[in-house]
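Open the model in your viewer and keep the selection panel at hand. The stops below say what to select next and what is there.

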Number of protein chains: 2
Amino acid sequence: MSNKSLIDTLAARLGAAHVLTAPDDVAPHLAETRGLYRGEALAVVRPRDTAEVAFAVRECARARVPVVAQGGNTGLVGGGVPAGGVVISLSRLDRVRTLDVLDATITVEAGCVLARVQQAADEAGLLFPLSLASEGSCRIGGNLATNAGGTAVLAYGNARELTLGLEVVLADGRVWNGLRALRKDNAGYDLKHLFVGSEGTLGIITAAVLKLFPKPASRATAFLGLASARAALAAFGHLRGRVGPRLTAFEYLPRFALEIVLRHLPGAVRPLAGDHAAYALVELSSPAPDAGAELEGLLAGLIEAEGAEDAVLAQSDAQGRALWRLRESLSEVQGHEGGSIKHDVAVPVSRVAEFLERATAACEAAMQGVRVCAFGHFGDGNIHFNLTQPPGMDRMAFLAAWPRFNRIVHDIVHELDGSIAAEHGVGLIKRDELLRYKDPVALDLMHRLKAALDPHGLLNPGKVLPDRVLPGDLLPGEAPPEREGSGGAPAAGSRSGAAA
Amino acid sequence: MSNKSLIDTLAARLGAAHVLTAPDDVAPHLAETRGLYRGEALAVVRPRDTAEVAFAVRECARARVPVVAQGGNTGLVGGGVPAGGVVISLSRLDRVRTLDVLDATITVEAGCVLARVQQAADEAGLLFPLSLASEGSCRIGGNLATNAGGTAVLAYGNARELTLGLEVVLADGRVWNGLRALRKDNAGYDLKHLFVGSEGTLGIITAAVLKLFPKPASRATAFLGLASARAALAAFGHLRGRVGPRLTAFEYLPRFALEIVLRHLPGAVRPLAGDHAAYALVELSSPAPDAGAELEGLLAGLIEAEGAEDAVLAQSDAQGRALWRLRESLSEVQGHEGGSIKHDVAVPVSRVAEFLERATAACEAAMQGVRVCAFGHFGDGNIHFNLTQPPGMDRMAFLAAWPRFNRIVHDIVHELDGSIAAEHGVGLIKRDELLRYKDPVALDLMHRLKAALDPHGLLNPGKVLPDRVLPGDLLPGEAPPEREGSGGAPAAGSRSGAAA
C-alpha cells in the first residue's frame, strides 16, 4: 500500500477533518516541549474512539508504517516525537466512562486531561492523587505510558500503582480489553504492567481503570530550613517514621534553587527569615481535622531532635499554596539563569544525601562556575539534578557539555544502585544512556518483549530501545557456542551493536 | 545428556546430599497440600544460593529437562507439582540479606519463611504486612511467584504491590539482577511485574526487595452481625469512606460458616448473643493510640446509619485474637462437614453482594442440600466461594460435581467482570478454566510472553498455560513468509493454532 492510499483509507474511516497532512496542522505534533528534538510525520490522525485507534493501527501495520501515540505532548524525553510515520493523537478520546464510589475507581479514556480526572474524582468526594506540573495539559494516557511520578508518589505511588486495568491497542490493531476494576486477580500473567511505562512501544493505551482514595480531612504544609542534604535526610526519616504515608510530600530545594525562585518569581516571598543551605517543603495529610496542630508538634520535635535550623507552618490554605508555588515554579525560573543541563534520577532514599554531596562536588569540579540546581522528590529518592550554566558563559557552549555531565552524574547514580530515568522516562534522550548502564540481561529481556509484542517494530520505533535489535538465544551452549552467559548481546548480524 | 549424567553433574556441584533421588526423599515434593494432584520427578535439588540455582537451571536446560521451583509447597492450585523433571527446592536460600529502616525495605532470599520476614521487620520496628494462613510454612518466593493475597490486601495490596525489586533465574540459567530499592524507576520496561504471579513459568525468583511500613500505634477488632451480604456491603462502604486504608480488614462470614466454626473449633465462643444471616470481622489500624475508641464510635454509626444488627468490640488483644481465630480456622473446620468444592474468585467490590446472592441461589438450586460456605476478603471483592456437601451424601459423589459447580460459579463471576483466580493462582486446577474464560487476546499475549522468555517450555510446563501452545501471528490476514523482524516469535509450522 502506498502512503497515499494509506492516508485515503484512514480519511475514509476517520473523516478527512481528522487526518491532518497540511504542514501547519502537523507541525505542533512534530515539536517537543523543550525543543530538543523535531520529528517528521506522514500525517496526524485524530480517532474518536478505541475502534478508530485500532483501525488506524491496523492499517498502518498492514502498510508497515510506524505509529507514535501522543497525548498532551508534554513529555520531557522526546518519547512522542514521530520519525516519519503516523502520529495517533488521542486527544478526542477524552471521556470519563464511569466512576464508582464503592469500588473507588474511575474509568477514563486515554485523552482525558489529568486535571479533568482529578476534578471528576473530587466532584465524587474522592481523590485521584496523581499530580504534576503539566496536569492542566498532559493527558492520562501519556501519564500511564510513561508511568508518571509527581508530587504525591510518597503516599500514593506512581501512575503504575494507581492503575487497576487497561484497554490497549496492540501492534496489529487488535484490542486487549483489560478494563477490570479488581483488587485481586491472579488469572494469568499481569499484562497491564507491561504497557504502563513502555512509552507506546509495546501497545497504545486507550483507556484505564484507576484507583481513587478518600480525601484527607485536613492537610498542613511547612517549610524547613536545614544545614545540609544530610540534615534533610534526618528530618525525612524522623517524619516518615512517625506518620508513615500520611507524610504526603517531602520536597527538597538547595539554597541556590530558592534564591533563583525569589529572584525571578513575581510576588515570591522568602519563607524563612534566615538563610539555610537546604530547604524542604513538607506536607502532612490527616484523616482528622487537625493536620496543622499535628505538624506543628512534629516541627518542634524536628528542631529539637534532628537539629532542623528553622521551620514555618502555613497558617492558611493561601500560605500553603504560596509555599508550594516556590517549589513548583523551579523548572520555569531556571530558564532565567541561562542554559540548564537536566538529569532525572533516583537512588535509594537512604543514599540521597550521599548522592547530592558526591554529584554536586563532581560537577563543580568539572566546570568552574557551574551552579547545581538539584531539587525534587527527596522522599522518593528522586532528584532533578539540574545544572545551571556559569554566569556569562555561552549557552550553547554550556549545553555542549551535556554528555560530559551525563557521564559524571549517571556514573554516580549507577554506583549507588540508582536509576538514570526516574519519572520522566527514557524516550530518545536517555536511550543510549540506558544501553550503557542497564544490565545486559535486563536489556535482552526488554528486546525479547519488544520482539514478542511488536515483531515488525512499528510502535514508536527507536524510543526506549534502539530500532530492530533482535534478541539472542535463550539457551546458551548452542550456536554460536561462545555466547554462553553473555545474555543480552544482540544476535550477530543485526544492525546495531547495543548493550555490550 | 542422559538423565543419569544430569543428576551426576548436579550432584558434583551441589553435593550429593542436596540432590535427592530416593523415593522417600522425593515423595514430599510430589504431593500437594490438598491431595488433588501427585506428580513425579527425576530428582529434587536443594541449591544453597542463587549461583547454584542458576547452575541447576542451566544444566537442566541443556538436557531439555523441565524444572519446577518449590518454596514451602503450600500452594492450593497444584502449581508446584512436578511433571517428570527436576524439582528445585529453594528452602536453603533462606537468608535475610539486608534491612534498611530509612529505605523501609528488606532484601530476602526466596526460601525465607513468610513469618520470618514478618519477624525481621518487626524486630526493626517496622511492619511487613503480607499475612496469610500458611505464613508459618510458606516461603516468600512462593508468595511472590503466586502474587499472594491474604488478610492485609485492603490496606497494603497484594504481594505484587509490596515488591520493589527481584532477582530471577531465567530459563537458560542466566540471572537477572533487579534487586533495586527504588521508589521511582522508569529506566526501561518493568520486568519484575512479569515474574510476580507467573507461578514459576517465566523465571525462578531467588530474592526480592520488599517494602516495609510503619507499625500502627494501635489496632482494634470488632465483629458485626448483619442481615445480609448487602448489609455487609453497606457497612463496608460506610467504614471505608470514613477511614480509608486504615480499615485494615473487612472479612465476611455467612451464618453457616460461623456455625461450623462454633461446632468444630475447640474453645470457640459465639461472639454475638444473637443469630445473624451474615457477619463481618473488622479491623481498624491507627497511627494514634486510640483505635479502640475510634472503632467504637464507628460501630455506633454503623448500627444507626446502616442498620447493622449488632456489633462487639474486642476489649483486649486476646479477645481480638479470638475473633480472628474464628475467621482463620474456617478453611480447616470445613473438612469436618465432609467434602468441599472450592472457588477462589473476585468481583468488583461494588458487586460482591450481588455475586453472593446469585451464586448462592444458583448452587442451591443445582443440588439439593448443598451448603454454601462463602467467606473471605469481602473488602477486596475476593470470596472463597466454597460448597460443603449435603449431609450424608457420598463425599466422592459430591466432589464429582466440581466441574458442574465451576461452570455455575465461574459463569456468574465472568458476567460480573470478575476473576476466576483471585489470590491462589491458576496452577493446574484453574488452567482449563482460564482457557475458557480468558479473553483470547490476553491469552495470545500470555503465550507470546511464555515463548519469548521460555522458548523451550522448560519452566514449570503445563502450569497456568497448557504446555507448548505457540502463539499466532501478530499480523492477522498475512502469510508466514513476511515474518521479517519477527524476532522472538517462534517459527512457523509450530504445533498448535492457539489463541486466534
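**Stop 1: a salt bridge in chain B**

Select D275(B) and R255(B): their side chains meet in a salt bridge, N to O at 3.1 Å. A salt bridge here is a side-chain nitrogen of Lys or Arg within 4 Å of a carboxyl oxygen of Asp or Glu. D275(B) sits in the loop between α9 (255-264) and β14 (278-286) of chain B, and R255(B) is in helix α9 of chain B, so the pair ties together parts that are 20 residues apart in sequence. Helices (H or I, at least four residues) and strands (E, at least two) are DSSP runs, numbered from the N terminus.

Now show the surface. D275(B) is partly exposed, with a relative accessible area of 45%, and R255(B) is partly exposed at 36%. On this scale buried means under 20% relative accessible area, exposed means over 50%, and partly exposed lies in between, using a 1.4 Å probe and protein chains only.

Before going on, note that this is a predicted model: local features need pLDDT of at least 70, side-chain atom pairs count only at pLDDT 80 or more, and totals for chains, interfaces and linings use all residues. Residues are numbered from 1 along each chain as its sequence is written, chains are lettered from A and ligands numbered from 1 in the order in which they are written, and side-chain values use heavy atoms, with hydrogens and water left out.

**Stop 2**

Over all chains the count comes to 58 salt bridges. Select R358(B) and E354(B), a salt bridge whose closest N and O atoms are 3.7 Å apart. Both residues lie in helix α13 (residues 352-366) of chain B, 4 residues apart, about one turn of the helix. R358(B) is partly exposed at 31% relative accessibility, and E354(B) is partly exposed at 25%.

Move to chain A and select K450(A) with D454(A). They form a salt bridge, the closest N and O atoms being 2.7 Å apart. Are these two residues buried or exposed? K450(A) is buried, with a relative accessible area of 15%, and D454(A) is buried at 3%.

Then select R95(A), R97(A), E109(A) and E167(A) together: they are linked in a network of salt bridges.

**Stop 2: where chain B meets chain A**

Colour the two chains separately and select the residues in contact, meaning heavy atoms within 4.5 Å. The contact takes 95 residues from chain B and 97 residues from chain A. The size of an interface is often given as the accessible area lost when the parts come together. Here chain B and chain A bury about 7900 Å² between them, 59% of it on carbon and sulfur atoms. Buried area is the accessible area (1.4 Å probe) that two parts lose on being put together, summed over both.

Which residues of chain B lose the most area to chain A? They are K184(B), N186(B) and Y189(B), together 13% of what that side buries.

The rule finds 8 salt bridges across the interface of chain B and chain A.

To trace the chain B side, select α3 (50-62), β9 (175-178), α7 (192-195), α8 (229-243) and α17 (440-453) of chain B, the elements that give two or more residues to the side touching chain A. Of these, α17(B) gives the most, with 10 residues.

**Stop 3: cysteines in chain A**

C363(A) is buried at 0% relative accessibility, and C373(A) is buried at 0%.

**Stop 4: N73 in both chains**

Select N73(A). This residue has a positive phi of about 55 degrees although it is not a glycine. N73(A) is in the loop between β3 (67-70) and β4 (86-89) of chain A, and is partly exposed, with a relative accessible area of 25%.

Finish on N73(B), which has a positive phi of about 55 degrees and is not a glycine. N73(B) is in the loop between β3 (67-70) and β4 (86-89) of chain B, partly exposed at 23% relative accessibility.
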